[in-house]
Amino acid sequence: MEESIYNLIPRPAEQFTKPPMYRSKHNARMPPSCSSIGLSGTTKLTSNESGSDQCVDGAAAATYSARRPHATFGKELLGSISPQDYLKKRVRTLPPISEVHKFQRSVVSPTRPPVPKMSEKPVMGLVAEKNFIVSNAVDNILAVPKKTAKPMPLFVNSASFGKPPKYLQKIKHQIESEYALITEANKQQAAGEVQRMRLMTEAERDEIVSGLKKKWDDTHKQYQSLTFNIDTVTKVQRKEGLEVEMEQIEKAIQKLSKKNIYVYDDSL
């Protein structure tokens, strides 16, 4: 809207007319068609697709047997309740004063005797004929001795204190017997192997030593032929393998340099 001086003139407020409340032309108390709502105690379904005030079977909507009281919004109120009709001060009816009685507590058990007054004097000068010294002596002589509780046994005084239990001794004997059996079997096996051992001759030793030396020379020649710059993983592994092989050959030659060498002979 373009700016105009006429817009400064106040306009009359529009009067809004509230439309009337919608009222359905159908009966609100008519049960829904083919519905199981509210069918407490019955399984009969109603059918009213036409919307008439009468059911198909001719029964009126007000006599609908499946409608339960207080099933939706609580107990139905009979009549209207005025907002001014509330509980006000001093409107309740109280019993007359003549009917009000003093409260009396019921006595469940007998009460104790009252405290003697200051003016009352106790009875004095009463003497008993019973000899309490003799009576106490006779009661103690004729009384049955009390049963004292037996003291708890001391385990340090038992015969098995400080000794290993029997099951441990049994297991110890089993282990010793198994160990003796294994030792005897090892001795028999060693005795049989000793019988199958023979002394290596000088010719055999010289032949083996010469073969090992020749193999060491070949391995050393390969080791010397390696490049000076070892910059790859393959070259490093090759060098370490040759070193281990030469070390094993040297140890074998050292063992064969002994005076007496015994070997295991399969032919025996």
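Read along the sequence, the protein follows the pattern α-α-β-α-α-β. The secondary structure comes to 4 helices and 2 strands. Helices (H or I, at least four residues) and strands (E, at least two) are DSSP runs, numbered from the N terminus. The model is predicted: local features need pLDDT of at least 70, side-chain atom pairs count only at pLDDT 80 or more, and totals for chains, interfaces and linings use all residues. Residues are numbered from 1 along each chain as its sequence is written, and side-chain values use heavy atoms, with hydrogens and water left out.

Burial was computed next. Of the 268 residues of the protein, 9% count as buried. Buried means under 20% relative accessible area, exposed means over 50%, and partly exposed lies in between (1.4 Å probe, protein chains only).

The largest nonpolar core has 7 residues. Its members are Met-200, Val-209, Leu-212, Ile-249, Leu-256, Ile-261 and Val-263. Two or more residues of this core come from each of the elements α3 (202-224) and α4 (233-256). Such a core is a set of buried Ala, Val, Leu, Ile, Met, Phe, Trp, Tyr and Cys residues joined through side-chain atoms within 4.5 Å. In soluble globular proteins, nonpolar side chains tend to be buried together.

A nonpolar patch of about 550 Å² is made by Ile-133, Val-134, Val-138, Ile-141 and Leu-142. Patches are made of residues with over 30% relative accessible area and no salt bridge; like charges are joined within 9 Å, and nonpolar side chains (Val, Leu, Ile, Met, Phe, Trp, Tyr) within 5 Å. Accessible areas come from the Shrake-Rupley method with a 1.4 Å probe, and for residues only the protein chains shown count as cover. Ile-133 lies in helix α1 (residues 132-142). With a relative accessible area of 67%, Ile-133 is exposed.

The structure holds 3 salt bridges. A salt bridge is a side-chain nitrogen of Lys or Arg within 4 Å of a carboxyl oxygen of Asp or Glu. Glu-202 pairs in this way with Arg-205, and their closest N and O atoms are 2.5 Å apart. The two residues are 3 residues apart in helix α3, so about one helical turn separates Glu-202 from Arg-205. Glu-202 is partly exposed at 44% relative accessible area, whereas Arg-205 counts as buried at 12%.

Another salt bridge joins the side chains of Glu-247 and Lys-251 (3.9 Å, N to O). Both residues lie in helix α4, 4 residues apart, about one turn of the helix. Glu-247 counts as partly exposed at 43% relative accessibility. Lys-251 is partly exposed at 49%.

Lys-235 and Asp-231 also meet through their side chains in a salt bridge (3.6 Å, N to O). Lys-235 is partly exposed, with a relative accessible area of 33%. Asp-231 is exposed at 54%.

Lys-88 lies over the face of Tyr-86, at 5.4 Å from the ring centre. A charge sits over a ring if NZ of Lys or CZ of Arg is within 6 Å of the ring centre and within 35 degrees of the ring normal.
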